[in-house]
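This briefing accompanies the model displayed below. Please keep the sequence and the coordinates open while reading.

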Amino acid sequence: MVKLRLKRCGRKQRAVYRIVAIDVRSRREGKDLQKVGFYDPIKNQTYLNVPAILYFLERGAQPTGTVQDIFKKVGVFKELHPNQTKFN
């Protein structure tokens, strides 16, 4: 199963996160399938590759709680097909 989750980067006390598609059994810093976004909680900046995110969501990838909140704030779930609105 594939999840969309955060992968920690950056230095000590200055964490930034990549949003990645990764196998459920992998560690937090394990090998990812694809990088689909970037999140900086300190500067409150977000970059998302929306076509790649939609690709994984349409094929059954599950976002974690934090990633789901980031997607809702940006409005990614509005772009899914109408029959796939289980995340709203």
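The model is a predicted one, in which local features need pLDDT of at least 70, side-chain atom pairs count only at pLDDT 80 or more, and totals for chains, interfaces and linings use all residues. Residues are numbered from 1 along each chain as its sequence is written, and side-chain values use heavy atoms, with hydrogens and water left out. Helices (H or I, at least four residues) and strands (E, at least two) are DSSP runs, numbered from the N terminus.

- Leu4, which lies in strand β1, counts as buried because its relative accessibility is 0%, where buried means under 20% relative accessible area, exposed over 50%, and partly exposed in between (1.4 Å probe, protein chains only).
- Neighbours within four places in sequence aside, Leu4 is in contact (heavy atoms within 4.5 Å) with residues including Val20, Val36, Ile53, Phe56, Leu57, Val67 and Phe71.
- Ile19, again not counting residues up to four places away in sequence, touches residues including Leu6, Val36, Phe38, Leu48, Val67, Ile70 and Phe71.

**Helices α1 and α2**

- Helix α1 spans residues 50-58, and its buried residues are Val50, Ala52, Ile53, Leu54, Phe56 and Leu57; what covers them includes β1, β2, β3, β4, β5 and α2.
- Gly60 follows α1 and has a positive phi, near 100°.
- In helix α2 (residues 65-74), Val67, Gln68, Ile70 and Phe71 are buried.
- Seen down the axis of α2, these buried residues fall within an arc of 160° (taken from the directions from the helix axis to the C-beta atoms), so they line one face of the helix.
- The cover over the buried residues of α2 includes β1, β2 (14-23), β3 (34-40), β4 (45-48), α1 and β5 (62-63).
- Just after α2, Gly75 takes a positive phi of about 95°.

**A buried arginine**

- The nearest side chain of opposite charge to Arg5 is that of Asp23, 8.1 Å away, where Lys and Arg count as positive and Asp and Glu as negative, while His and the chain ends are not counted.
- The side chain of Arg5 does reach the backbone oxygen of Ser26, at 2.5 Å.
- Not counting residues up to four places away in sequence, Arg5 touches residues including Arg18, Ile19, Asp23, Ser26, Arg27, Arg28, Thr64 and Val67.

**Positive phi in loops**

- Gln13, in the loop between β1 and β2, has a positive phi near 65° although it is a residue other than glycine, and it counts as exposed at 71% relative accessibility.
- Asn44, in the loop between β3 and β4, is likewise a residue other than glycine with a positive phi, near 55°, and it counts as exposed at 53% relative accessibility.

Technical notes. A salt bridge is a side-chain nitrogen of Lys or Arg within 4 Å of a carboxyl oxygen of Asp or Glu. A polar contact is a pair of N or O atoms within 3.5 Å; within protein, one must be able to donate a hydrogen and the other to accept it, and residues adjacent in sequence count only if both atoms are side-chain atoms.
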